[in-house]
Amino acid sequence: MTEHILIVDDEPRVAEPLIFALRREHFQVTHVERGEQALARLDGDSPALVVLDVGLPDLNGFEVLKQLRRSSEVPVLFLTARQDEVDRILGLELGGDDYVTKPFSPREVVARIRAILKRLDKGTPAPVAEGREWRVDEQAAKAWFRDQALSLTRSEFLILEALVKHPGQVFSRARLLDICGSDEDSFERAVDTHIKTLRGKLRPLGGDAWIVTRRGLGYVLERP
């Protein structure tokens, strides 16, 4: 089945080469130029992934994502002309799955899209980790802590899945980037951001202390 990609970008010189590259790789593509148009379309449609420009003429991409995350966990790849790392971190904290800075190669964006979508095609349905405190379902991409369902982005889920499946094992930032499906050009600071938001979601349930930072090494899941 052809996967549907929604591109939200008001610059034809940016959108058109990307549309061409995606269609050449047999993706179905829809293109809109405004944030409000994207939200209206997403209200009745479920694309496989959204490519979202930060600098839209009506709502900026961060605001679009905030509204989108109220009802959907569709993967989002940000496009931006900004170089500021703060903007990149903000996009990830809001629930973005990856980030590409303009100018970019359409082939690179297609590769990143494939890496994100690959995480969704995991095969046989089975809970990958069970325990008194934690439960993770790989196919459904859902996790629970003490029987309380967690609302996670895909990157947060994949990081938590790895930690829960291998308690006591230290995962480096580079390894967690690889688990998330990011390529070598992604920055390891993104992992710190995902961990921060993951801990924030676990904190009301008393689960944040389980994710331990090993300075200079990475992260590990341990009983506090």
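Predicted model: local features only at pLDDT ≥ 70, side-chain atom pairs only at ≥ 80, totals over all residues.

Trainee: Where do the buried residues of H2 lie around the axis?

Mentor: Helix H2 spans residues 35-44, and its buried residues are Gly35, Ala38, Leu39 and Leu42. They cover an arc of only 95° around the axis, and therefore they lie on the same side of H2.

Trainee: How are H2 and H3 oriented to each other, roughly parallel or oblique?

Mentor: The axes of H2 and H3 come within 10 Å and cross at roughly 20°. Angles under 35 degrees count as roughly parallel. H2 and H3 are therefore roughly parallel to each other.

Trainee: How many residues of the contact of H2 with H3 are nonpolar?

Mentor: From H2, Gly35, Leu39 and Leu42 take part, and they meet Val64, Gln67 and Leu68 in H3. Of the residues in this contact, two are polar, none is charged, and the nonpolar ones number four.

Trainee: How are H1 and H5 oriented to each other?

Mentor: Helix H1 (residues 12-24) and helix H5 (residues 106-118) have axes 9 Å apart and pack at an angle of about 55°. Their crossing is right-handed. H1 and H5 are therefore described as oblique.

Trainee: How many residues of the contact of H1 with H5 are charged?

Mentor: Pro17, Leu18, Ala21, Leu22 and Arg24 in H1 meet Pro106, Arg107, Val109, Val110 and Ile113 in H5. The residues of this contact include eight nonpolar and no polar ones, and the charged ones number two.

Trainee: Is valine 220 buried or exposed?

Mentor: Valine 220 is found in strand S11 (residues 218-221). Buried means under 20% relative accessible area. Because its relative accessible area is 0%, valine 220 is buried.

Trainee: What distance separates the C-alpha atoms of valine 220 and valine 170?

Mentor: Valine 220 is in contact with several residues, including Val170 and Trp210. Valine 170 and valine 220 are 50 residues apart along the chain, yet their C-alpha atoms are separated by 4.6 Å.

Technical notes. Residues numbered from 1 in each chain as written. Heavy atoms only, no water. Buried < 20%, exposed > 50% of the residue type's maximum accessible area, 1.4 Å probe, protein only. Helix = DSSP H or I, 4+ residues; strand = E, 2+ residues; numbered from the N terminus. Arc of directions from axis to C-beta. Axes fitted to C-alpha atoms, helices over the stretch in contact; angles between N-to-C directions. Parallel < 35°, antiparallel > 145°, perpendicular 65-115°, else oblique. Contact = heavy atoms within 4.5 Å. Nonpolar A, V, L, I, M, F, W, Y, C, P; charged D, E, K, R; others polar. Left-handed = near helix turned anticlockwise from the far one by under 90°. Lists of a residue's contacts leave out its neighbours within four places in sequence.
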